[in-house]
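Try each task before you read its solution.

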Amino acid sequence: MEKDHKAISKILVGLVDINLIRVEDNLGEPLHVHIECSNSQKQCPTAEGKVHHNGLRVVEVVDLPSFGRKVILF
């Protein structure tokens, strides 16, 4: 049985290869889930060349409801 809270959250979110940063749970608002890519992929799957990091940017994605609440991924 999984006991690590971050691992459990990743399972609930249903995404692999992510790092869970935080979850904001404010009453009456959508659940805000802040994640980042784990960058475990070091090679382009198409060109098979090395992948270069080009900085970070925040993207807001409205996801399917979870437990009856709207979810926004950041």
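## Exercises on the sheet

**Exercise 1.** Work out which residues His34 touches, leaving out residues up to four places away in sequence, and decide whether His34 is buried or exposed.

*Solution.* Start with the contacts: His34 touches Asn19, Leu20, Ile21, Arg22, Glu24 and Phe74, once residues up to four places away in sequence are left out. Keep in mind that this is a predicted model. Last, check accessibility: His34 has 13% relative accessibility, so it counts as buried, given that the cut-off for buried is under 20%.

**Exercise 2.** Find the strand order of the open sheet, then say which strands are the edges.

*Solution.* The sheet has 4 strands in the order 1-2-4-3, and its pairing is mixed. Strand 1 (18-24) and strand 3 (61-66) are the edge strands, each pairing on one side only. From one strand to the next, the twist averages 30 degrees. Now look at strand 2 and strand 4: they pair in the parallel sense over 3 bridges. For a residue-level view, take Val33, whose bridge partner in strand 4 is Leu73.

**Exercise 3.** Is Lys70 buried or exposed, and what does it touch beyond four places in sequence?

*Solution.* First locate Lys70: it belongs to strand 4, residues 69-73. Its relative accessibility is 60%, so Lys70 counts as exposed, the cut-off being over 50%. Lys70 still touches Pro30, Leu31 and Pro65, not counting residues up to four places away in sequence. For a C-alpha check, pick Glu29: 41 residues separate Lys70 and Glu29 along the chain, and their C-alpha atoms are 7.9 Å apart.

Technical notes: Residues numbered from 1 in each chain as written. Predicted model: local features only at pLDDT ≥ 70, side-chain atom pairs only at ≥ 80, totals over all residues. Heavy atoms only, no water. Helix = DSSP H or I, 4+ residues; strand = E, 2+ residues; numbered from the N terminus. Buried < 20%, exposed > 50% of the residue type's maximum accessible area, 1.4 Å probe, protein only. Contact = heavy atoms within 4.5 Å. Pairing = 2+ DSSP bridges. Axes fitted to C-alpha atoms, helices over the stretch in contact; angles between N-to-C directions.
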